[in-house]
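Have the sequence and the structure at hand as you read.

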Amino acid sequence: MAYVVAILVSVLMLGGSAFALTAAIGILRLPDLYTRMHAASKAGTVGAGLIFLAVGIHSGDIPTFVRALAGILFFILTAPISAHLLARAAHEIGYPLYEKTVLDDLDSRDDKA
């Protein structure tokens, strides 16, 4: 049983690390603020969630596992909302989109109001 748990924890840690690396590469490589925030919020949330889950399983006790699940829930609830609010604030102060952007959803939303 310990062998199976060790393999599960290893897979979760590697998966979380891969998502965190993807988020970091996205922050470095994507062209503008909005796409960088997208990479950081989505891949970073999944990576942190997988690592939290691995820590909770590896600990072997229920209170630590519950805290890890609470951390995952907190990330899932707050990361997309904070990224959206930051993007909206950046759009309102006039931070430019990437020149090849074809659709500005926030601009079209302002036209409907």
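The largest pocket holds about 310 Å³ of space. A pocket here is found on a 1 Å grid over the protein atoms alone, as an open set of points where a 1.4 Å probe fits, with protein on both sides within 12 Å along at least five of seven lines; lining residues have an atom within 4 Å of a point. Its volume is the space filled by probe spheres set on the points, which are joined across faces, edges and corners.

This is a predicted model, in which local features need pLDDT of at least 70 and side-chain atom pairs count only at pLDDT 80 or more, while totals for chains, interfaces and linings use all residues. Residues are numbered from 1 along each chain as its sequence is written, and side-chain values use heavy atoms, leaving out hydrogens and water.

Which residues lie nearest the centre of the largest pocket? They are Tyr34, Met37, Ala83, His84 and Ala87, out of 17 lining residues. Helix H2 (33-59), helix H3 (62-92) and helix H4 (105-112) each give two or more residues to this lining. Helices are DSSP runs (H or I, at least four residues), numbered from the N terminus. By class, the lining has seven nonpolar, five polar and five charged residues; Ala, Val, Leu, Ile, Met, Phe, Trp, Tyr, Cys and Pro count as nonpolar, Asp, Glu, Lys and Arg as charged, and the others, Gly among them, as polar.

An unreviewed UniProt entry lists residues 6-28, 40-59 and 65-87 under "transmembrane region"; such annotations may be inferred rather than shown by experiment. Two of these stretches compare as follows.

H3 has 31 residues and spans 45 Å from first to last C-alpha, close to the expected 45 Å, which is 1.5 Å times one less than its number of residues. H3 has a kink of about 25 degrees at Thr78, shortly before Pro80; the bend is the angle between axes fitted to the seven residues ending there and the seven starting there.

Among the buried residues of H3 are Ala79, Ala83 and Ala87, where buried means under 20% relative accessible area, exposed over 50% and partly exposed in between (1.4 Å probe, protein chains only). Val66, also found in H3, counts as partly exposed because its relative accessibility is 47%. After H3 comes Gly94, with a positive phi near 95 degrees.
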